[in-house]
Structures are given as C-alpha cells and as structure tokens.
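Here is a structure to explore together. Have a look at the sequence and the model, and then we'll walk through some of the details.

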Amino acid sequence: MTNLIREAATAADHELSFDDWDEVTSPGPDVCGFDIVADKAMSRRGFLGALTVFGATSFLMGTSALTPAQAASRLSFRQVAANTEDTITVPEGYSWDLVISWGDPLWSKGVAFDDATRGTAESQELAFGDNNDGMALFVDGNRHVLAVNNEYTNRPIMYGNRESKKPENADDVRKGKAAHGVSVMEVVEQEGKWVTVVDSPLNRRITADSPMEITGPARGHDLLKTKADPSGTRSLGTWNNCGNGRTPWGTYLACEENFNGYFSSSDANYKPSAELSRYGVKTEDWGYAWATVDERFDIFKHPHEPNRAGYVVEIDPMDPASTPKKRTALGRFKHENAEVVVAADGRIVVYMGDDERGEFLYKFVSDGVYAVGGDNSGLLENGDLFVAKFNEDGSGEWLALTPEVTGMSEAEICIHTRIAASKAGATTMDRPEWVSAHPHKAEVYCCLTNNKNRGVKTNAGGDETPATGPNPREKNNYGQIVRWQPKGGDHTAAGFDWNLFVLAGNPTVHSDAYAGSGNVTADNMFNSPDGLAFDSTGLLWIQTDGSYKNEGDFAGMGNNQMLVGDPETGEIKRFLVGPKECEVTGITWSPDRKTVFVGIQHPGEKGDSHFPRGGDTVPRSCVVAIRRNDGGLIG
Ligand code: FEO
Ligand code: CA
Ligand code: CA
C-alpha cells in the first residue's frame, strides 16, 4: 500500500456522500449574509398559501381547487406501503425480474461474478459496471440496446475481500476504474424476461480510460491542455456518470457529476486554485487512489486535468467503435442529467441541474436546428448557455452566460460555468437533480433533492442561500419538485412561470412547512426526490435517494422508493420500495410500455443488505425489469 493509497483510504473511512465529504473537508463560510431565516413562523396552511404561482390560477399543487379525490385517478395501481424489507416491493399484479447486476460478464471470455474476490481488473473490464444510475433503451429494428451509467463504487463493497476494505494494489485500483463509466449491451426479451445478449457485437464498456473527443467552444483552450494532450482536444475516460439524457437522433448522454472526488495531490501542501476549489477538487481524493496508478489524477503534476471532466458526454449506443464526445457547450459542473427537448423552431434545448448545495439550474439552446433523419451530430457543439433566476412572484428568467455579462471568454464560460453563473446572479438551488419535460406540453419539472445548508451558509462561490422562492425551507431535509412553463410555450423563451409540484415532508412528525404540501400524506410520504422521468402518457415517475433511517424526521418513510405523480391533479402514489440502503435511480421503458426498467444502486451501502441474491451474498447494484402479470401497460 503506497502512502497515497493510505492517505486516500483515510477519506474513504468516512462513509459520506460526495456532497457531505466536500462539506466536511471544506466547509463554506459559516455566516450567511441575510437574516430572513430567523422568524419564519409558518403554519403549514399559511406557508403554502403564500406560495402563489402559475399566472392567474395561483396555486401550489396539492392546494389546488381540484383535489386528487375529486378527479378521476389516472394512477391505476394499488399503492405500495412503505417498508424496510431487503427486497423490491411492487404493486399487486406486478412482478420484477433481474436484468443485470454489477460484475455480470458482457462477453463469454469474462467470468461470472465471484463473491470471494469481487472480481479483478480484467474481469471487471469485461463486465457490467458498478452503481448503475441513469439509463436509456434504444431500439433499432428488433434489436434493443440498453445504455447504463455506472456512477461510482462503494469501497467497502468493491474491496470487501481486503481486510482494509480499500484498494490495496494496482489491480484493485484498475478494477475500480473499470467499474466506472458506461455499460452498453444488447438485451432481448425471452419468455417474458429481459436478458443480456452475451457477446453481442453491440456490447461495449466505456470506462475511466476510454478515449474521448473534446468538442465545442472550449476545445483546444489552454485550460484543457495537458502534457499527454498538448492539443486540449482528446481526453481519457468518463467517470461518476450520474443521470442521463437521450437525443431525438438516437444518441445517449452520460452526465459527469462528482468528478472531483478522484483527484489528489502528491504534494500535500499544494494549494488548488480558486477555480478548482469551486468544484471541490482537493489534495485528497475520496478513497479511490486513482493517482497511484494513473498520474493524470495527480493535480500537483497535472493541474489542468480536472478541467477535462464535468461535462455531458454524447455516445452513439449503436456504434461501439465511435468515440464519445465531451460537449463543452453544455457547460462544466456537477451534471445530474440532461433533458433534451426540440423547441418549436427546431432548435435543441437541454435542461440541466448542477447537483450541489446552492448551485444552479441551466439551459442550453443550440445554434442549429434538428433535422429529422439528417445529420445532427454537431447540434450539441455550439449554442447559448443560460442559468435560471427565480423571482418571488412566480416568474423567472433565463440569464444568458455571455462574455458581456460575465467578463469571461466563451471557452472560459464553458469550463468555469459555476463562476460565470455566480457572476450573472443566478438563483442558488436546493441541489438540482433530474429534470424532465412533459411529453405533451411545454412544462418542465426538476427535483430539488434537499439542502441542509439552505439559509445556513453560502454555496462554495459565496452566493447567499435565502429560504425563498422555489427553495422555501431553511435546513431543507426533505426536498421538493419545482416546475416551470416557458413563456408562450416556447422552450427558447427567456421568461417562464414557476410553481412547486410537491414539497416533500412528514405530516406525521410536523405540522408546519416540513409536513410537506397538501399532496403529501402519511401514506405516500417520501424524502429527497432525485430521479425523475415522464412516461409517454404524461405521468411523472419520481425516484428517491434520501434517508432510510425510518425514524425521527424520516419515521414511517421506509427504504428509498419510486412514486408516480399526476401533474394535472397533484396525486402521488408509491409504486415501488427498494431494498435496504439503496437508492432507486435510472428508468427507461420498452417501446410497447409493457416493461419499465429501473435501477437499484448501492444496496447495503452501510453493510446491511444482501440484495438481490439474499443469503450471505455480496450486495450488488442492478437493473430490474418490471411488468404487469397480465401483460398490460405499465402505469
Ligand atoms: Fe448522482 Fe446527484 O446524484
Ligand atoms: Ca441522482
Ligand atoms: Ca441524490
């Protein structure tokens, strides 16, 4: 074990999220420059009544004149009760099957997952990655290809064969690198079950070492040049791919989130620049020890390397030989997902969240227009980047990130996007996670998962975080879902109207704003909405990544879960409960909507799960397929 590995392993001892780890190791300023957080005596009713939005109709969903009970429910399934079982629970009349788990080989030259060793670098390179997150199913004729992000690894699980529960040699570190990235594989339905087509020519592993092309305004900029790539146009690998997107022209978007946690410095006294610090890059990594086998992760030697991560990566899932493209035009931040819509004039609009406390919500508008069946490969290369500002009166505006506004060049805006957005005066948000656009009208939803720093401290850029607007609760431990309607129904418009679809909360514990909005009850309550996707009928599927303590503020909520909401009535029902200590993340449907694929990430992250195989087996992240027993449509 080298010194660097030992040092990194210290960080891994903290079983904290990336966000918490950043918080512990570099706390922001303690004092917040506003005082409105003090006396907000908010009765639940009074508080919700104060949130009046959506033009003249004025309501927060759940306090609408039309209650869910009065409207005919579009949610045809029987709600699942919260529970703390170590399995997946789906509604009566539905069943789930395993499709693929961490370590399952994609090629016959690979080997089956070995509980004793949990694999080697070589076996992992030939197998499905770890901690699957966003995913999308692509169809070409009768072939189905599933592209899945493999976000990160839990060291105590990945290295559970080691006494230290940490990477102890170069092969261990390489195994970890190979468990990241994206897994692409053909799947087929056989006797009612979806299985992987081992050895399909379409199968592919993209890892932290796969060649990438850097495109867009920042391509070739000095800040992207390194010793290994003096042109600043070619980088290696993608990692910490969280949510995803898909384009109308059939490509997959993998979004790089907590890329910072993999860099470290061989000189502990090295002081990262203010720009690196804004993104949480530190002299210690998060326990992965990648710099011990791959020098480019050493920021003392290669300070520009982190500038080459934090992007949206466009991948052609049907061409395993294609080079993934980093789209700098979509900005650099801790990308959650990328929701693509085609505006009325044919331009492409991409909505994107930056998942960190007090960071921002963004929109990209392409220069070019979408050509059905034409060459759209350059559409994400150039366009305009905007950041959201929410006003108290329910209006909002997209602030353009231009050289005039920010004093930065276009390339610098694409590299140091957070800094540009701070200069523009964007609204600090409660950790924007997935964004999803309604399939039948111009209305867009975003999960604001939680933010214990709301009203307590600034973001890493020193921007204040008042408990106002779409982020109305200080020390927000439950989260909410905001939605907006672009002016004139035009996604390229500068203005929008917003309101809250739901404020999560616990009405069995609280009677104030922390009880949640009126569409939250003792029967459907949840915390920390994260994954979010509309199905083709316009129902909103909500996945959670929150506290599963099931006590205190979270009493009665059970394990992480998936719910379905009706945007028209505000009704929300729980559809699924995940196994112990997992998050539910990633969702995609078969074209006939008879199967919904759902991701289960990090079951047993604290050591108390044997999902999916039970007994005393190693817990494994996995993708499951859910179907109705009668073969009907899902939803
Ligand atoms: Fe990877 Fe923001 O979740
Ligand atoms: Ca997420
Ligand atoms: Ca999350």
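Which residues coordinate the calcium ion (ligand 2)? Before the answer, some ground rules: this is a predicted model, where local features need pLDDT of at least 70 and side-chain atom pairs count only at pLDDT 80 or more, while totals for chains, interfaces and linings use all residues. Residues are numbered from 1 along each chain as its sequence is written, chains are lettered from A and ligands numbered from 1 in the order in which they are written, and side-chain values use heavy atoms, with hydrogens and water left out.

Now the ion. The calcium ion (ligand 2) is held by Glu336 (OE), Glu433 (OE), Asp530 (OD) and Asp530 (OD), at 2.3 to 2.8 Å. Donors here are N, O and S atoms within 2.8 Å of the metal (3.2 Å for Na, K and Ca), and since water is not among the atoms, sites may look incomplete. Along the chain, the donors of this calcium ion (ligand 2) follow the spacing E-x96-E-x96-D. Strands (E, at least two residues) and helices (H or I, at least four) are DSSP runs, numbered from the N terminus. Both Glu433 and Asp530 are buried, where buried means under 20% relative accessible area, exposed over 50% and partly exposed in between (1.4 Å probe, protein chains only).

Next, the aromatic rings. A pair of them is described by the distance of the centres and the angle of the planes. Rings of Phe, Tyr and Trp (its six-membered ring) pair if their centres lie within 6.5 Å; planes under 30 degrees apart count as stacked, over 60 as edge-to-face and the rest as tilted. The structure holds 33 aromatic pairs. One of them is Trp102 with Phe113, edge-to-face at 4.8 Å centre to centre and 65° between the planes. Both sit in the loop between β1 (94-101) and α4 (121-125), 11 residues apart. Trp102 counts as buried because its relative accessibility is 1%, and Phe113 does so at 14%. Another edge-to-face pair is Tyr445 and Phe501, 5.7 Å centre to centre with 75° between the planes. Tyr445 lies in strand β19 (residues 444-448) and Phe501 in strand β21 (residues 495-503), 56 residues apart.

Arg620 lies over the face of Phe113, 4.0 Å from the ring centre. To count, NZ of Lys or CZ of Arg must be within 6 Å of the ring centre and within 35 degrees of the ring normal. Lys326 lies over Trp239 in this way, at 5.6 Å from the ring centre, and Trp239 belongs to one aromatic cluster with Tyr262, Phe263, Trp286, Tyr288, Trp290 and Phe297.

Finally, a hairpin and a helix. Strand β2 (residues 132-140) has seven of its nine residues buried, and it pairs with strand β3 (residues 143-150) in the antiparallel sense over seven bridges; two strands pair if DSSP finds at least two bridges between them. In the hairpin of β2 and β3, two residues separate the strands, and Gly141 takes a positive phi near 65°. Helix α10 (residues 417-424) has six of its eight residues buried, and just after α10, Gly425 takes a positive phi of about 90°.
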